[in-house]
Amino acid sequence: MSNYDVTVIGSGPGGYVAAIRCAQLGLKTAIIEKYNTLGGTCLNVGCIPSKALLDSSEHFHNAVHNFAEHGIKINAPKADITQMIKRKNDVVDQTCNGIKFLMDKNKIDVFTGVGSFVNATTVKITDDKGKSQEITSKNTIIATGSKPNFFPGMEPDKKRIITSTEALSLKEIPKRMLVIGGGVIGLELGSVYGRLGTEIEVVEFAPTIIPTMDGSMSKELTRVLKKEGFKFHLEHKVQSVVNKGKSVVLTALNKKGQEVTLEADYCLVAVGRKPYTEGLGFENAGVKVSDRGMVEVNDHLQTSVPNIFAIGDVVRGAMLAHKAEEEGTYVAEFIAGQKPHINYNLIPGVVYTWPEVASVGKTEEELKAAGAKIKVGSFPIKALGRARASMDIQGLVKVICDEETDEILGVHMIAPRAADLIMEAVVAMEYRASAEDIVRICHPHPTYSEAVKEAAMDATAKRSIHM
Ligand SMILES: Cc1cc2nc3c(=O)[nH]c(=O)nc-3n(C[C@H](O)[C@H](O)[C@H](O)COP(=O)(O)OP(=O)(O)OC[C@H]3O[C@@H](n4cnc5c(N)ncnc54)[C@H](O)[C@@H]3O)c2cc1C
């Protein structure tokens, strides 16, 4: 039986980052993954494949709608979904192989099979042929991630009633698609197919889409997506979705309690994800799980058993790859005796629509509800020279700061490459910068980043130069 300092169960961004950091710190490390490829949800059926398809569909959209204006004449382009999916699969393969390379480079032992606790220091690994072996470890990190969630009446059959996983590998471009859930995953995958010509109808229980983000972002994104042809059924409670063979029929109750029926080729169920802890044998180790199925952890990400840790989607907090990575690093350093720290307030959130939406810190609604005295500044993307040059004129940047101290409390933006732009705000907030600090920093011209500076000017003293 092999003995380790640390065993990681699950090879997603939480697990593989934890394993690499443990190995860097001189700990003898093993990682267990039940699938044949490493990388978890993020690399196989999440962040990477969705962005590959978003990029392909965005190129197609530009070819159809924007090339002529730029003076590029082409014959009417045709979308080849088979090639798009193949390219996406190639991107996934290369990225997953990269993780295998990193495991070898860092001398981490990789075990393929389902990991389950025999006791607090022993994990059994069972492969797909039923063969099992046991390893012992001083510490174990549970990084088993999450699975798509659904509510009664909308159970995915994975044929016409699909989850994000199937939506990433469709063999045809649907004429019509229903999307249950106006959150990040539903809007990103809805965008992929919407750009390829699919009629998208979003059914959302809340009164707004991306309901956890700043209200102004949701308002602007709704406007942008409606222009692209999205239809929204807000405040609709789904009752049932039925596969009729060649179509799906969805019934929902609108806010007046009236029944609404919608029909399409496919229905994507994107109502969030749930922690995945099946078959882990927690009862053998004494690991406690909350009512909502999450592994319970303290501030050091220790479970109810001190030498067993849990990170990423399987514990409380945002279900995001970069949050999982931060927690992976945290636990590795904690086990090695260091004093790491995570600032959960500064984990940025992104929606990869076009333009992208990105956000960090508190929303205006949260701050007002808490009674905070704030100043709010904003700047429209269309007022930038860079935006007019590229014809990407939609969106805005909003900076919220403390009325008295000027400290930045939240930055929200819908802009081209907002996912990258938001990092200026994250760095500024990590160093507790004021809006005035951003104003005093020279921003290159012409760039989208000038909108951040202009919004900060608007927040400090309504002194934006270009508005
Ligand atoms: C369509 C989609 C798009 C997304 N886009 C983004 C994005 O753009 N940005 C972002 O930050 N986040 C995104 N996410 C979320 C992101 O994928 C997750 O937050 C992230 O993968 C969580 O990482 P993790 O390490 O906690 O778990 P996971 O990535 O889920 O990995 C867990 C791994 O554990 C394995 N496992 C489970 N149980 C066992 C067991 N008993 N034994 C062995 N192995 C086991 C699983 O097979 C899996 O490989 C997206 C998700 C989806 C579905």
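## Helix H3 against helix H5

In this predicted model, helix H3 (residues 47-65) and helix H5 (residues 81-105) have axes that come within 9 Å and cross at roughly 145 degrees. The crossing of H3 past H5 is right-handed.

On the H3 side, the residues in contact are Ile-48, Pro-49, Ala-52, Leu-53, Asp-55, Ser-56 and Phe-60. They meet Met-84, Ile-85, Arg-87, Lys-88, Val-91, Val-92 and Thr-95 of H5. Sorted by class, this contact has 9 nonpolar, 2 polar and 3 charged residues.

## Helix H3 against helix H7

H3 also packs with helix H7 (residues 184-195): here the axes come within 8 Å and cross at roughly 35 degrees. This time H3 passes its partner, H7, in a left-handed crossing.

Ser-50, Lys-51, Leu-53, Leu-54, Ser-57, Glu-58, Phe-60 and His-61 are the H3 residues involved, and their partners in H7 are Glu-188, Leu-189, Ser-191, Val-192 and Arg-195. The class count for H3 with H7 is 5 nonpolar, 4 polar and 4 charged residues.

## Helix H10 and its surroundings

Now for helix H10 (residues 321-335). Its 15 residues reach 21 Å from the first C-alpha to the last, close to the 21 Å expected at 1.5 Å a residue. Just after H10, Gly-337 takes a positive phi of about 90 degrees.

The buried residues of H10 are Ala-321, Lys-323, Ala-324, Glu-327, Gly-328, Tyr-330, Val-331, Ala-332, Glu-333 and Ile-335, so charged side chains such as Lys-323, Glu-327 and Glu-333 are on that list as well. The elements covering these buried residues include strand S1 (2-9), H1, helix H2 (40-45), H3, strand S6 (132-142) and strand S17 (308-310).

The largest nonpolar core holds 51 residues. Tyr-16, Met-103, Phe-117, Ile-141, Ile-142, Val-287 and Val-331 have the most contacts inside it. Helix H1 (residues 13-24) gives the most to this core, with 7 residues. Apart from this core lies another, of 35 residues, including Met-213, Leu-221, Tyr-266 and Val-357.

Leaving aside residues up to four places away in sequence, Val-331 touches Ile-141, His-300, Leu-301, Phe-309 and Ile-311.

Methods:
Residues are numbered from 1 along each chain as its sequence is written. This is a predicted model: local features need pLDDT of at least 70, side-chain atom pairs count only at pLDDT 80 or more; totals for chains, interfaces and linings use all residues. Side-chain values use heavy atoms; hydrogens and water are left out. A nonpolar core is a set of buried Ala, Val, Leu, Ile, Met, Phe, Trp, Tyr and Cys residues joined through side-chain atoms within 4.5 Å. Buried means under 20% relative accessible area, exposed over 50%, partly exposed in between (1.4 Å probe, protein chains only). Helices (H or I, at least four residues) and strands (E, at least two) are DSSP runs, numbered from the N terminus. Contact means heavy atoms within 4.5 Å. Axes are lines fitted to C-alpha atoms, for helices over the stretch in contact, and angles run from 0 to 180 degrees between N-to-C directions. A crossing is left-handed if the near helix is turned anticlockwise from the far one by less than a right angle, and right-handed if clockwise. The expected span of a helix is 1.5 Å times one less than its number of residues.
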